[in-house]
Amino acid sequence: MMENTVTHAEKYFGQLCSLLAAYTRKTARLRDTADRLVLQLIDLASTEGPEMRATLRDLAEDLAKVQDYRQAQVERLEVKVVNPLKLYGAQIKQTRAEIKKFKRVRNNEIKQLEKLEKLRQTSPWDRQTISQAETSVQKASGDTGRTTHQLEEMVDTFQKQKLEDLRKMFSDFVTVELVFHAKAVEVYSSAFQTLENCDLERDLEDFRARMRGVYGRHYDARLLTDPTPSAAVPWSLSGQSAQSAIQSHRKEEEVSEDDSGEEDLEEGPGGWGRRPTSRTRAPRSEH
């Protein structure tokens with residue numbers, strides 16, 4: 001029973017140590033991956049509008065806080081859970097060595113008893129040899145008793161310490177996880193509220209305004225470079241509006257030509273001649 005206690009402890013504590021060490025390493029790798037995510041969010045924020053830029057930067061800051069908590073989680077798991085399990089290896093080896101010592105002492109007692117029984121059967125008249133064998137058996141029995149008592153105390157202490165350590169290690173494990181997740185929930189709740197408060201319409205309006213500005217500059221460049229007569233008509237006018245504008249322009253030119261003709265008739269050969277149609281006609285004097 002004592003040997004089985006140590007054997008089971010050696011087997012399962014070794015497996016627990018390997019699994020919890022792997023758990024800690026994977027948590028550290030998750031922290032490193034999240035740090036890269038934070039940097040990526042910061043880079044993405046620089047390409048977005050004011051609202052989304054501020055939101056992504058706040059989110060990156062919150063994620064960075066969570067990774068700080070995760071770093072503390074990794075350190076605490078290493079100190080409070082993994083390292084104590086590693087120390088159990090030496091303690092198990094010491095207990096197993098005591099069990100081997102007990103086996104040697106017990107085997108010696110069995111050997112002395114067998115020798116005594118053989119002498120009693122083969123040489124019952126040799127009282128001196130039998131007496132020496134009986135003395136050896138008594139000594140071996142005393143050694144076995146003492147060793148058994150010591151081993152029982154050692155294994156009892158080992159089992160008690162093992163149970164206490166199991167409870168403490170997993171209590172520490174759960175506490176570390178609780179502290180991390182409690183702080184993470186607080187930060188993630190703030191991050192969720194930040195995302196909910198992001199004004200997407202404001203960024204969309206800003207995007208549309210900038211897009212219209214780009215198209216407006218492109219149209220101005222077309223006005224300067226396009227030699228066709230249609231460039232004089234704004235592209236935003238409908239076909240009917242453009243036709244009305246052209247007809248109005250032609251009427252103005254006809255009125256100007258009529259007025260210029262009247263001036264030429266009134267002033268006669270001694271007048272000023274025909275004025276350019278692009279200037280405003282001066283009123284005639286009344287005398």
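This is a predicted model: local features need pLDDT of at least 70, side-chain atom pairs count only at pLDDT 80 or more; totals for chains, interfaces and linings use all residues.

Trainee: Which residues is Phe13 in contact with, leaving aside its neighbours within four places in sequence?

Mentor: Phe13 is in contact with His8, Leu85, Tyr88, Lys162, Leu166 and Met169. Contact here means heavy atoms within 4.5 Å.

Trainee: Fine. Which residues touch the most other members of the largest nonpolar core?

Mentor: Phe13, Leu20, Leu85, Ile92 and Phe158, out of 20 residues in that core. A nonpolar core is a set of buried Ala, Val, Leu, Ile, Met, Phe, Trp, Tyr and Cys residues joined through side-chain atoms within 4.5 Å. Buried means under 20% relative accessible area, exposed over 50%, and partly exposed in between, with a 1.4 Å probe and protein chains only.

Trainee: Which helices supply at least two residues each?

Mentor: α1 (2-45), α2 (50-122) and α3 (127-196) each do, and α2 gives the most, with 8 residues. Helices (H or I, at least four residues) and strands (E, at least two) are DSSP runs, numbered from the N terminus. Apart from this core lies another, of 8 residues, including Leu56 and Ala191.

Trainee: Switching to rings: how many aromatic pairs are there?

Mentor: The count is 4. Rings of Phe, Tyr and Trp (its six-membered ring) pair if their centres lie within 6.5 Å; planes under 30 degrees apart count as stacked, over 60 as edge-to-face and the rest as tilted. Take Tyr88 and Phe158: the ring centres are 6.4 Å apart and the planes at 65°, so that pair is edge-to-face.

Trainee: Where do those two sit?

Mentor: Tyr88 is in helix α2 and Phe158 in helix α3, so the pair ties together parts 70 residues apart in sequence.

Trainee: What about Gln73, buried or exposed?

Mentor: Buried, at 3% relative accessible area. Gln73 lies in helix α2, and beyond four places in sequence its contacts are Tyr23, Thr27, Val176, Glu177 and Phe180.

Trainee: And Pro84?

Mentor: Pro84 lies in helix α2 too, and counts as partly exposed at 24% relative accessibility. Not counting residues up to four places away in sequence, Pro84 touches Val79 and Met169.

Note on methods: Residues are numbered from 1 along each chain as its sequence is written. Side-chain values use heavy atoms; hydrogens and water are left out.
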